Amino acid sequence: MSTIRQEYLRHDKKFPHVWCPGCGNGIVLGAMLRAIHRLELAKDEIVLVSGIGCSGRMPVYVDFNTLHTTHGRALTFATGIKLARPALTVLAVMGDGDATAIGGNHFIHAARRNLNFTAIIINNQIYGMTGGQYSPTTPYGARAATAKHGHIEHAFSIAELAVTAGASFVARGTVYHAAQLDTLIEKAISRTGFSVVEIMSNCHVQFGRRNKMADPVTMLKWFRDRAVRTQDAVDLHPDSLSDKFTIGVLADVEKPSYIAEYEKIRIRAKKKK
Amino acid sequence: MKNRPEIRRRLIQGNEAIVEGALAAGCRFFAGYPITPASEIGELMATRLPEVDGTFIQMEDEIAGMGAVVGASLAGVKSLTATSGPGFSLIQENLGFACIAEVPCVVVNVMRGGPSTGLPTCPAQGDVLQARWGTHGDHPIIVLAVSSVIDSFNITVIAFNLSEKYRVPVIILSDETVAHTRESVVLPPAGSIAVVDRIIPTVPPEWYHPYEGNSRGVPAMAPFGSGYRHHVTGLVHDRHGYPTQQPEEVDAFTRRLHRKISNGFHDIHIVRRLHLEDAEVAVIAYGSVGRTAQRAVAMARNKGIKAGLIQLITLFPFPKEAVVNVLRQCRAVLVPEMNMGQISREVRRVSPGDTKIHKLNRVDGLPIDPDQLFKELQLL
């Protein structure tokens with residue numbers, strides 16, 4: 001890890017980072033860097049795009065081409081970059097509110113469109129940086145700064161939404177299952193088409209504190225106890241999965257990617273001309 | 001087939017001329033969402049861009065279109081989006097990003113009546129101040145207005161050039177009359193068009209400071225993937241591009257954004273003058289009304305009225321000096337607009353003295369016609 005840290009972080013600027021002690025974002029960052037290292041991608045060829053929120057601060061720490069965009073819009077900027085320079089490896093890192101509330105429309109259309117880049121969604125089930133208001137993934141009944149009496153809305157399953165919307169590769173992991181996370185991100189980056197990795201992560205400060213899990217260890221145990229590997233889930237009765245979620249690869253399908261299809265359009269257009 | 005010269009005389013509408021102007025200026029990316037009366041721009045881009053190795057994408061909404069435009073420009077490709085009033089409102093968020101991150105790009109707003117869904121496909125000029133002040137925060141921006149089909153071509157080229165030169169988004173305001181009027185125009189041969197490209201860094205990557213202003217206040221811009229890894233953010237940033245809240249860095253940054261535009265007034269301020277040499281009364285107009293005013297001024301001259309016209313191509317930064325000169329010279333001016341008086345506010349703001357400033361405001365969804373303008377002119 002020390003070589004990876006030396007290699008990929010921006011040491012000259014902006015440390016210490018803004019994340020709270022024990023935050024899962026550091027585990028996600030580590031997993032992403034290890035995946036990139038394993039894939040032997042050159043730093044010049046990577047663009048890391050983010051939206052706004054705690055996850056939005058990730059690009060500033062890493063020595064790639066980095067872009068911190070507007071709230072919810074990371075995928076739209078990433079779309080422009082990828083289309084302008086298809087050779088670049090584009091990653092968009094977002095939070096659950098960023099990706100599925102304000103950016104929900106962009107998210108489903110990015111999945112449908114199947115442009116060749118990767119979305120990493122850190123799902124801590126809360127708006128962390130803004131002060132703990134409920135997000136589209138806050139569980140029913142949970143407490144939040146805007147749900148002091150208990151949350152009455154129902155949560156999105158981000159990964160399943162991505163599958164339904166047509167993303168060609170979808171996976172879910174947790175920051176407890178850190179070793180698996182490296183592999184999931186590695187697979188996601190190496191796939192052609194739009195790939196999504198949803199990562200259940202702990203915000204013990206804004207979510208945990210209000211929901212009897214005020215420290216990172218309790219939250220990690222919560223992920224450990226609720227995560228079921230996809231291959232194990234198939235043998236289980238749906239009722240026994242009601243308060244659980246699956247981890248692993250949820251979709252891995254081949255379908256024409258936007259970049260390849262558009263190249264055909266160019267050839268057709270030039271012939272006609 | 002014989003190698004015949006490209007026929008550059010064309011019967012096209014304003015929206016098509018904007019596409020041709022953009023392509024001539026080197027635009028190779030369009031992202032947007034259809035809306036009348038701007039839709040033809042996207043439609044034609046979808047056909048034309050792949051022919052020249054460019055890329056078109058129809059996004060899920062205008063916010064996404066503008067985000068993709070900024071992304072493509074950051075990756076080094078000249079980019080355009082086009083919309084109308086309601087879509088222009090949606091674009092504002094990411095337009096602000098382009099302002100703070102100094103991302104060159106061009107946004108066309110073919111104005112229609114409003115607010116809200118308003119008067120789809122009726123001419124209006126209601127978005128003038130939205131173009132200047134629509135996004136949040138304090139920042140300069142360049143706004144140009146087109147009045148004819150050939151203008152739509154030429155001014156789009158200028159818009160891209162200014163955008164690249166100053167690293168600032170440029171907004172082109174068109175209106176339904178210009179957008180959908182077909183005219184026969186002769187487009188200049190491709191090689192004869194002056195095209196400006198952004199300055200890219202020449203120093204070694206470790207020496208590159210992506211937001212270090214030069215004497216013009218405009219930093220060199222390295223596209224993503226060119227070996228100059230750097231950080232781009234919508235937060236106020238230091239010369240490295242990293243977020244800062246240090247008062248002296250914030251102050252220096254904000255002032256540089258303004259300075260780079262104020263330093264460039266001489267080539268940003270574009271106006272047309274007609275019969276102003278001896279004019280005692282003058283019309284100050286822009287967009288399709290500028291053209292109406294040319295006719296009205298000619299009618300007034302025929303009647304022996306010493307009338308002149310200053311037609312504003314650049315609306316913002318407001319061409320104060322040129323307008324003040326007219327105000328000093330004339331006893332009265334008329335500002336006809338298809339709104340309740342957005343540019344007349346600017347004229348009043350810069351007015352140095354006692355010149356009478358009259359307004360003519362048409363807001364019924366119809367264009368101002370020369371007779372109407374001429375009648376008002378006679379009353380001055």
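The following questions and answers concern a predicted model.

Visitor: Is Thr314(B) buried or exposed?
Guide: Thr314(B) is placed in strand β14 (residues 314-316) of chain B. Buried means under 20% relative accessible area. Thr314(B) has a relative accessible area of 0%, so it is buried.

Visitor: Which backbone nitrogen does the side chain of Thr314(B) reach?
Guide: Among the residues that Thr314(B) touches are Ile268(B), His269(B) and Ile270(B). The side chain of Thr314(B) reaches the backbone oxygen of Ile268(B) at 2.5 Å. The backbone nitrogen that this side chain reaches, at 2.8 Å, is that of Ile270(B).

Visitor: Is Cys330(B) buried or exposed?
Guide: The cut-off for a buried residue is under 20% relative accessible area. Cys330(B) has a relative accessibility of 5%, and therefore it counts as buried.

Visitor: Which residues of helix α11 of chain B are buried?
Guide: Helix α11 spans residues 320-329 of chain B. Its buried residues are covered by elements of chain B including β13 (307-312), β15 (332-337) and α12 (342-350). The buried residues are Ala322(B), Val323(B), Val324(B), Val326(B) and Leu327(B).

Visitor: How many residues apart in sequence are the parts tied together by Arg191(A) and Asp252(A)?
Guide: The side chains of Arg191(A) and Asp252(A) meet in a salt bridge, with N to O at 2.8 Å. Arg191(A) lies in the loop between α8 (178-190) and β6 (195-200) of chain A, whereas Asp252(A) lies in strand β8 (residues 245-252) of chain A, so the parts that the pair ties together are 61 residues apart.

Visitor: Are Arg48(B) and Glu51(B) buried or exposed?
Guide: Arg48(B) forms a salt bridge with Glu51(B), and the closest N and O atoms are 3.1 Å apart. Both residues, Arg48(B) and Glu51(B), are buried.

Visitor: Where does Asp278(B), the salt-bridge partner of Arg301(B), lie?
Guide: The side chains of Arg301(B) and Asp278(B) meet at 2.9 Å, N to O. Arg301(B) is in helix α10 (residues 288-302) of chain B, and the pair links distant parts of the chain, 23 residues apart. Asp278(B) lies in the loop between β11 and β12 of chain B.

Visitor: Which residues do salt bridges that share partners join into one network?
Guide: Over all chains, the structure holds 33 salt bridges. Salt bridges that share partners form one network, which joins Arg34(A), Arg38(A), Asp182(A) and Glu186(A).

Conventions: Residues numbered from 1 in each chain as written. Chains lettered and ligands numbered in written order. Predicted model: local features only at pLDDT ≥ 70, side-chain atom pairs only at ≥ 80, totals over all residues. Heavy atoms only, no water. Helix = DSSP H or I, 4+ residues; strand = E, 2+ residues; numbered from the N terminus. Buried < 20%, exposed > 50% of the residue type's maximum accessible area, 1.4 Å probe, protein only. Polar contact = N/O pair within 3.5 Å; in protein donor to acceptor, adjacent residues only side chain to side chain. Contact = heavy atoms within 4.5 Å. Salt bridge = Lys/Arg side-chain N within 4 Å of Asp/Glu carboxyl O. Lists of a residue's contacts leave out its neighbours within four places in sequence.
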